[in-house]
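This report describes a protein chain for a reader who has its sequence and model at hand. Please look at both before reading on.

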Amino acid sequence: MTQTAMEVIDPGLQTTVQAWPGRIGLKALGYFPSGPMDHLSLRAANALVGNPVGAPALEVPKVGFSVAFLVDTQIAIAAPDGSEVLVNDTPVAMWETVGVRAGDVLRTIGSAGAGFRLYLAIRGGFAVPEVYGSAATSLVAGIGGVEGRALVRGDLLATHGAAPIAPRRLPASMRPRFVTDWEIEIIQGPHATPDYLTEEDWSDLVTRHWRVDLNSDRIGTRLNPHRFSWARPDVGIAGGHPSNVLDDAYPVGGVLANGDVLTILGMDGNTSGGFAVVATVPHCSLWKVGQMRPGRDTIRFREIDYDEALALNKRVDFMVDPRRTVPVR
């Protein structure tokens, strides 16, 4: 049974309903998975209210968001350090189960600190229809979530009914660390050295500090321009620049070279295209990309191999395992 649980007062910058892992297995049909930009925080928030870790929750850029609760329920907020969330003008704890009552108003206060998105989970999960196997909002395709769009003032959100749980919290040692200068793990892509990038180009890629461009969103995170030397002066029929290739599939987290501009594909990215994929951000590091502040943060790439990526993936899964939560005393 579902019940209307929340009314949107101010939707903020671009609040969407997201679910993890999104719409997987459909890239051949033109659908990137969508889902949370920071899967670690969404999964943790769900674990703290007793939901399946991939249940629909809200992805909220941490500025100017407010909602009113219409029922007594429980929520959890996974947010960057320094974020401030108020219920009836009283600060509430992050990374733990919080009880709210009908009539309570929650609002976020933006901060200049690290991190860009927070995640709000509600007991029972948000009741939105699944489209092609997922409730995740795809802003590009216009499907999932609430009518395939970002939330607007006056939207009413329902939840699946569920009995309350004993409050839990995620220990500080299990929480992600939010910074302003990020280390992003990458695996060398199909269009790297020696056929596309020179050894000096690859050295530039992994030693330079890159600034996150203001024009970054769920489709892609753009970095500051940089001119590589490139290993091939003649691209033949692929196009007019060494970064051009014959159209090929793009991976989630692919680091594309669009001329002199690198772009990390986000969860609403393109499934294919004609730009070189010089590297790929593995699953373990995608959450960091989702927390980088456009126009402010910097990043440095660190090359890892497949085995290290698998080990780091297990570390992330360990952090958000519901068994890592502890009772609130």
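## An exposed loop residue

Glutamate 147 is found in the loop between strand S10 (117-122) and strand S11 (156-160). The model is a predicted one. The relative accessibility of glutamate 147 is 64%, so this residue counts as exposed. Its phi angle is near 60 degrees, a positive value in a residue other than glycine. Most residues other than glycine have a negative phi.

A second residue with a positive phi is tryptophan 230, where the angle is near 70 degrees. Tryptophan 230 also belongs to a loop, the one between S15 and S16. Is tryptophan 230 buried or exposed? At 7% relative accessibility, tryptophan 230 counts as buried.

## The chain as a whole

The chain contains 4 helices and 21 strands. Its radius of gyration is 20 Å, close to the 20 Å that the globule rule gives for 329 residues, so the chain is as compact as a globular protein of that length. Along the principal axes, the C-alpha atoms fill a box of roughly 65 × 35 × 35 Å.

Of the 329 residues, 56% count as buried. The accessible surface comes to about 13,800 Å², and 52% of this area belongs to carbon and sulfur atoms. Among contacts between residues at least 6 apart in sequence, 76% join residues at least 24 apart.

## Aromatic pairs

The count of aromatic pairs comes to 5. In one of them, the ring centres of phenylalanine 178 and tryptophan 287 are 6.0 Å apart and the ring planes stand at 85 degrees; edge-to-face requires an angle over 60 degrees, so this pair is edge-to-face. The pair links distant parts of the chain, 109 residues apart. Phenylalanine 178 lies in the loop between strand S12 (168-169) and strand S13 (181-188), whereas tryptophan 287 lies in helix H3 (residues 283-291). Phenylalanine 178 has a relative accessibility of 8% and counts as buried; tryptophan 287 is buried as well, with 7%. Ring pairs also bring in Trp182, which forms a cluster with Phe178 and Trp287.

Tryptophan 210 and phenylalanine 228 form a tilted pair, with 6.3 Å from centre to centre and 40 degrees between the planes. Tryptophan 210 is in strand S14 (residues 210-211) and phenylalanine 228 is in the loop between strand S15 (220-222) and strand S16 (244-249), so the pair ties together parts that are 18 residues apart in sequence. Both residues of this pair are buried.

## A buried leucine in a helix

Leucine 42 is part of helix H1 (residues 39-48). With a relative accessibility of 0%, leucine 42 counts as buried. Which residues does leucine 42 touch, not counting residues up to four places away in sequence? They are Gln18, Trp20, Pro36, Val53, Ala55, Ala57 and Tyr119. Valine 53 is 11 residues from leucine 42 along the chain, and their C-alpha atoms are separated by 7.5 Å.

## Cis peptide bonds

Most peptide bonds are trans. A cis peptide bond, however, joins tryptophan 20 and proline 21, with omega at about 10 degrees. Proline 21 is placed in the loop between strand S2 (16-18) and H1.

Threonine 193 and proline 194 are likewise joined by a cis peptide bond, here with omega at about 0 degrees. Proline 194 lies in the loop between S13 and helix H2 (199-207).

How values were computed:
Residues are numbered from 1 along each chain as its sequence is written. This is a predicted model: local features need pLDDT of at least 70, side-chain atom pairs count only at pLDDT 80 or more; totals for chains, interfaces and linings use all residues. Side-chain values use heavy atoms; hydrogens and water are left out. Helices (H or I, at least four residues) and strands (E, at least two) are DSSP runs, numbered from the N terminus. The radius of gyration is taken over C-alpha atoms; the globule rule is 2.2 Å times the number of residues to the power 0.38. Buried means under 20% relative accessible area, exposed over 50%, partly exposed in between (1.4 Å probe, protein chains only). Contact means heavy atoms within 4.5 Å. Accessible areas come from the Shrake-Rupley method with a 1.4 Å probe; for residues, only the protein chains shown count as cover. Rings of Phe, Tyr and Trp (its six-membered ring) pair if their centres lie within 6.5 Å; planes under 30 degrees apart count as stacked, over 60 as edge-to-face and the rest as tilted.
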